Amino acid sequence: MTSAIALFGSARRHGNTGAFMDCIAAELGIEVVDLGALRIAPYDYAHGHRGDDFEPLMRRVLAFEHLVFASPVYWYAVSSPMKVFLDRITDYLDLPDLLPEGRRLRGKTGHVVCTSIYDEAPKPFVDSFHATFEYLGMRLGGVAHVNCEGGYEPARHDAAAIDFARLLTGHRPG
């Protein structure tokens, strides 16, 4: 799948969610952007952070049809780097010079990759992505989740990553 990019936000790049996302990305052959390694300031109503890394990243992101959002579940919500990224999309809805670009999110497909200590991704976590995608005119393509209460175990979790990657490419898990 060449028309996809992964946006990864976590306090640990090589933690559970990072390992899960990296397995999916390797199967798909896609780039994983570490949001925590970029300089992306929080949203502000005065739009005083236009010189940070957000707009160049969004220009890249908008070139893809499938956007994979990867975050561990923190208190039933996304990680701080992911929340900042999602909030900053507002710039593309508020600013007249960015609005035409922001409209390019319409019709794209968003996918969610997450880990937690639960057997399923918590409903409030998934619902926040679903509502955000709906507001932006995007589709929710699917959710990949694994329970990493004891840590990421490749022998146990890689199969879920590969199955999810196959669903994204239109191949049935086998």
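Which residue is the bridge partner of V68 in β4? The legends below lead to that residue, starting with the whole chain.

**Figure 1. The whole protein chain, a predicted model.** Residues are numbered from 1 along each chain as its sequence is written, and in this predicted model local features need pLDDT of at least 70, side-chain atom pairs count only at pLDDT 80 or more, and totals for chains, interfaces and linings use all residues. Side-chain values use heavy atoms, with hydrogens and water left out. Helices (H or I, at least four residues) and strands (E, at least two) are DSSP runs, numbered from the N terminus.

**Figure 2. Strand β3 and its two partners.** Strand β3 covers residues 66-70. Here 4 of the 5 residues of β3 are buried, so the strand is largely enclosed by the rest of the structure. Strand β1 (residues 4-8) pairs with β3 in the parallel sense over 5 bridges, and β3 also pairs in the parallel sense with strand β4 (residues 109-116), again over 5 bridges. Two strands pair if DSSP finds at least two bridges between them.

**Figure 3. A closer look at two bridges of β3.** Look for L7, whose bridge partner in β3 is F69. Now for the opening question: the bridge partner of V68 in β4 is H111. In a regular strand, side chains alternate between the two faces of the sheet.

**Figure 4. The loop between β3 and α3, with W75 and Y76.** W75 lies in the loop that runs from β3 to α3 (80-88), and Y76 lies in the loop between β3 and α3 too. Most residues other than glycine have a negative phi. Yet phi of W75 is near 50°, a positive value, and phi of Y76 is near 65°, also positive. Are these residues buried or exposed? W75 counts as exposed, because its relative accessibility is 82%. Y76 is partly exposed, with a relative accessible area of 43%.

Conventions:
Buried means under 20% relative accessible area, exposed over 50%, partly exposed in between (1.4 Å probe, protein chains only).
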